Structure formats: C-alpha cells, structure tokens
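Reader: Could you take me through the backbone and packing of this model, with the cut-offs behind each term?

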Amino acid sequence: MIFASFFISVLNIYFLNRKKLRIGNDASNYKKYKVSVIIPARNEELNIPKILNHLQNQSVRLFEIIVVDDNSSDKTSELARQFNGVEVLNLNEEPPGGWVGKSWAIWNGYKKSSGNILLFMDADVEPGESAIEALLNKYEKHKGMISVWPYQRFESLYEHLTLTFN
C-alpha cells in the first residue's frame with residue numbers, strides 16, 4: 001500500500017505540469033461574463049481571509065463574491081464582511097430534512113447569485129491571480145461545466161500518502 005501511494009505521488013508530480021490550466025490570450029475577452037464566486041463556509045475563520053484576498057486580486061474582474069456562512073461558531077462572517085464587495089449570507093439554522101450542510105449552503109448561494117457564470121470554491125482554496133481567467137479560457141474552449149481539482153500542496157510525507165484516497 002505504501003509503495004502504491006508513493007508511485008501514484010511520483011506520477012502526479014510527473015504529470016502535474018501537463019494538466020495545469022492555461023490562461024487565454026486576452027483577459028478583456030471575458031468582460032461579457034458576470035462571474036459569481038460562491039464560497040460555502042463553516043468555521044473557516046483561518047481560511048476565509050486568504051481566499052478573499054486571492055479572489056480580489058484576480059486578473060479578471062469578478063461580478064460578485066458570496067460567502068455562505070453555514071451556521072459557523074467562529075468569526076467567519078465577521079471576517080468576510082471586512083472585505084469590500086463581498087456579500088455574506090448567514091444560514092443560522094441546520095438544513096431542513098433531506099439536505100446536508102454543504103449542499104444546502106451551495107444551494108442558498110446559488111439562489112442569491114445573479115451572475116451568468118457560477119464558480120463554487122471551498123474556503124481553503126488559494127487561487128492564483130489568473131485562476132479565474134484560466135477557467136474562463138477552458139469554458140470558452142469547451143462551452144460546458146468545468147470541475148477542477150486544485151493543486152494540492154503537500155507539506156509532509158503523511159499528506160503524500162493520502163493522495164491515493166483523493
């Protein structure tokens with residue numbers, strides 16, 4: 001099992017550069033899109049400032065950023081409100097029957113959004129300054145839904161061994 005995890009990690013590193021999203025030729029091509037970024041967040045006070053800083057420094061202007069605070073018991077909402085242009089939607093109760101937390105938060109973020117391109121990002125993602133531009137480039141090319149597994153920074157051997165389970 002350990003050998004298989006190591007082998008998969010080596011293959012991941014080898015193919016990493018071949019699978020990266022590439023930016024387009026001109027960011028002005030994307031002005032026709034109203035990009036809404038929806039971030040479901042529960043107890044993400046350590047991560048929410050990082051992702052919001054990254055999103056506010058994108059090469060493509062975002063139409064709206066919506067943080068859906070899913071009944072947090074920490075300062076997630078308070079920290080998100082400190083950022084200009086960020087709308088915070090508070091869900092103060094547990095989801096109704098048939099729903100679970102994250103999907104309920106995503107659904108409510110979708111209902112609140114008004115853009116024509118919707119991006120759902122976890123609060124612990126740290127998008128590079130051209131990440132949204134690269135996603136729009138792929139959208140222009142393929143004209144459909146895009147699902148991305150962001151680059152995962154491994155800081156210890158233990159984290160490398162978990163790659164096979166992801």
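Reader: What does N43 count as at 38% relative accessibility, buried, partly exposed or exposed?

Author: This is a predicted model, in which local features need pLDDT of at least 70 and side-chain atom pairs count only at pLDDT 80 or more, while totals for chains, interfaces and linings use all residues. Residues are numbered from 1 along each chain as its sequence is written, and side-chain values use heavy atoms, with hydrogens and water left out. Buried means under 20% relative accessible area and exposed over 50%, with partly exposed in between (1.4 Å probe, protein chains only). Because its relative accessibility is 38%, N43 counts as partly exposed.

Reader: Where does N43 lie, and what is its phi?

Author: N43 lies in the loop between β1 and α2 (48-56), where helices (H or I, at least four residues) and strands (E, at least two) are DSSP runs numbered from the N terminus. Most residues other than glycine have a negative phi. N43 is not a glycine, yet its phi is positive, at about 55°.

Reader: Which loop holds N71, and what does N71 count as at 26% relative accessibility?

Author: N71 is found in the loop between β2 and α3, and its phi is also a positive value in a residue other than glycine, near 60°. Since its relative accessibility is 26%, N71 counts as partly exposed.

Reader: What is the order of the strands in the open sheet?

Author: Two strands pair if DSSP finds at least two bridges between them, and β2 and β3 pair in the parallel sense over six bridges. Within that pairing, I66 stands opposite E87 in β3, and D70 stands opposite L91 in β3. The open sheet has four strands with parallel pairing, in the order β3-β2-β1-β4.

Reader: Which strands are the edge strands of this sheet?

Author: An edge strand here pairs on one side only. That description applies to β3 and β4 (117-120).
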